[in-house]
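Dear colleague,

I am passing on the structure below, together with a short account of what came out of going through it. Please have the coordinates open as you read.

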Amino acid sequence: MNRQKSILAVGAHVGDMELTAGGLLSTCARLGWKVVLVTLTSSERSAPEGADLQQIKQTKAEEAAAFARVLGAESIVLNIPDGFLKASRKVAFLLRDLICRDAPEIVVTHYASPHKDHMACHTVVNQAVFYASLPNSGRGDMPHSVPELLYAENWEDNEDFKKELYIDTSEGYALWQKALQKEISVLQCPFLPIVEYYTIKSRLNGILAHTGHAECYARAASHRTVKRMAPAAREGAFQTAPALALRP
Ligand SMILES: [Zn+2]
């Protein structure tokens, strides 16, 4: 029997991966993949002044879990204070162990970012991918070299973002939209209409990728160099889902 394919998404805050990679996660879920969504901080700092931070933490974790339930996904929210995320060895090995547990085809996280927590998340996920690939770890599991390490397109991580891969997310679009309705604090984001922004972006990327809906990703440098890519992709043009073999 073939092993179930899987994808691991790691975001700094509740909402980060749900918004920026939600179409991909939903598409993978629709195709029968195991989907694991990890949020590294308790995500409480976006609350208004004077809010009950304990209550906000609980609400955020419940919303992440509710989003994941719609996809049939696993949700893990760590209790690291929002704004204080570090690329620690402890977090790197926690993620490393998840990678070795599920052997995901795809890991997705933040692009390098001026946002402190997003940058820490980017760094610690890269470290985890490295540690997961090392043989003889002494941790009682098998190493796993992640085939695709992708960085999501995020309005907060946009500086120098390299648009390298467009993935057709039409299959999961409706499921993604349904799951987003579970994240009330994201729907009511006080900074900007963030759900509308990513919904429109999904369609705009779809137009550019000649499909209904799509998400755009950058690839980790090591993956750019070791993988043979179509000439069009090397020239910065579009490479859509078949390159990632989302389907069996
Ligand atoms: Zn964030």
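This is a predicted model: local features need pLDDT of at least 70, side-chain atom pairs count only at pLDDT 80 or more; totals for chains, interfaces and linings use all residues.

On the H4 side the contact is made by Val91, Ala92, Phe93, Leu95, Arg96, Ile99 and Cys100, which meet Val124, Val125, Gln127, Ala128, Val129, Tyr131 and Ala132 of H5. Sorted by class, this contact of H4 with H5 comprises 12 nonpolar, 1 polar and 1 charged residues.

H4 also has a place against the sheet, where it lies across S1, S2 and S4 and runs at about 175° to S2. Helix H3, residues 53-71, lies across S2 (34-41) and S3, running at about 165° to S3.

The sheet itself is open and has 7 strands, in the order S3-S2-S1-S4-S5-S7-S6, with mixed pairing. Its edge strands are S3 (74-80) and S6 (165-168), each of which pairs on one side only, and neighbouring strands are turned by 30° against each other on average, if direction is ignored. Within this sheet, S1 (residues 6-11) pairs with S4 in the parallel sense over 3 bridges, and Ile7 stands opposite Ile106 in S4.

Is His110 buried or exposed? His110 is buried, because 27 other C-beta atoms lie within 10 Å, where 20 or more are required. Leaving aside residues up to four places away in sequence, His110 touches Gly11, Ala12, Asp16, His118, Cys121, His122, Tyr151, Ala152, Asn154 and Asp157. Asp16 is 94 residues away from His110 along the chain, yet their C-alpha atoms are separated by 8.4 Å.

As for the chain as a whole, it has 10 helices and 7 strands, and buried residues make up 46% of its 248 residues. Among contacts with a separation of 6 or more, 79% are between residues 24 or more positions apart.

Notes:
Residues are numbered from 1 along each chain as its sequence is written. A residue is buried if 20 or more other C-beta atoms lie within 10 Å of its own, exposed if 12 or fewer, and partly exposed in between; C-beta atoms are placed from the backbone. Two residues are in contact if their C-beta atoms, placed from the backbone, lie within 7 Å. Helices (H or I, at least four residues) and strands (E, at least two) are DSSP runs, numbered from the N terminus. Ala, Val, Leu, Ile, Met, Phe, Trp, Tyr, Cys and Pro count as nonpolar, Asp, Glu, Lys and Arg as charged, and the others, Gly among them, as polar. Two strands pair if DSSP finds at least two bridges between them. Axes are lines fitted to C-alpha atoms, for helices over the stretch in contact, and angles run from 0 to 180 degrees between N-to-C directions.
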